[in-house]
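Subject: Structure handover

Hello,

The structure is below, followed by notes on what was found in it.

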Amino acid sequence: MAPSARHIHSFEREKRRGDGRNLIAVLRRERGCSRQEATDEAYRMTIGCLDEYLGLQERVPEMCGELGLGEAERDRVRMGVEAIQHWINGTYEWALTTGRYAAATEGAVATAEPAGRGSVDDLLSV
């Protein structure tokens, strides 16, 4: 499972739904550790992946040189890198603003969650 900030943001909601696929739940189960230890590890894993990505991103101009790419090709590579940056940021912002991963404790979603339901798709099918 690739770590992401979504797993940290959504843990409470997914826990209420009985969803054991959240990274924190998996770490707790697989390592027999506390919730805090699992949260810390999920955070460390997420930061590690982001750090690795940023390191690779920094190498892109050098790699373009090694490959002998011309200016037009380098522009396309830059656009690809920029698209990935927007995708990462957009996914993060979406998760924070839509409420899909919020730990709401009241309302229709919170009421439906103990039955294993509560996502927008679930509520639309009722």
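Which residues of helix α2 are buried? In α2 (residues 23-31), they are L23, I24, A25 and L27; buried means under 20% relative accessible area with a 1.4 Å probe, protein chains only. Helices here are DSSP runs (H or I, at least four residues), numbered from the N terminus.

This is a predicted model, in which local features need pLDDT of at least 70, side-chain atom pairs count only at pLDDT 80 or more, and totals for chains, interfaces and linings use all residues. Residues are numbered from 1 along each chain as its sequence is written, and side-chain values use heavy atoms, without hydrogens and water.

At the start of α2, a side-chain oxygen of N22 comes to within 2.8 Å of the backbone nitrogen of I24. After α2 comes G32, with a positive phi near 60 degrees.

The largest nonpolar core has 8 residues: F11, L23, I24, A25, L27, C33, A38 and A42. Such a core is a set of buried Ala, Val, Leu, Ile, Met, Phe, Trp, Tyr and Cys residues joined through side-chain atoms within 4.5 Å. Two or more residues come from each of α2 and α3 (35-66), and α2 gives the largest share, 4 residues.

The axes of α2 and α3 are 8 Å apart, at an angle of about 120 degrees. Axes are lines fitted to C-alpha atoms over the stretch in contact, and angles run from 0 to 180 degrees between N-to-C directions.

T46 lies in α3 and is buried, at 8% relative accessible area. Its side chain reaches the backbone oxygen of A42 at 2.8 Å.

Regards

Notes
Buried means under 20% relative accessible area, exposed over 50%, partly exposed in between (1.4 Å probe, protein chains only). A polar contact is a pair of N or O atoms within 3.5 Å; within protein, one must be able to donate a hydrogen and the other to accept it, and residues adjacent in sequence count only if both atoms are side-chain atoms.
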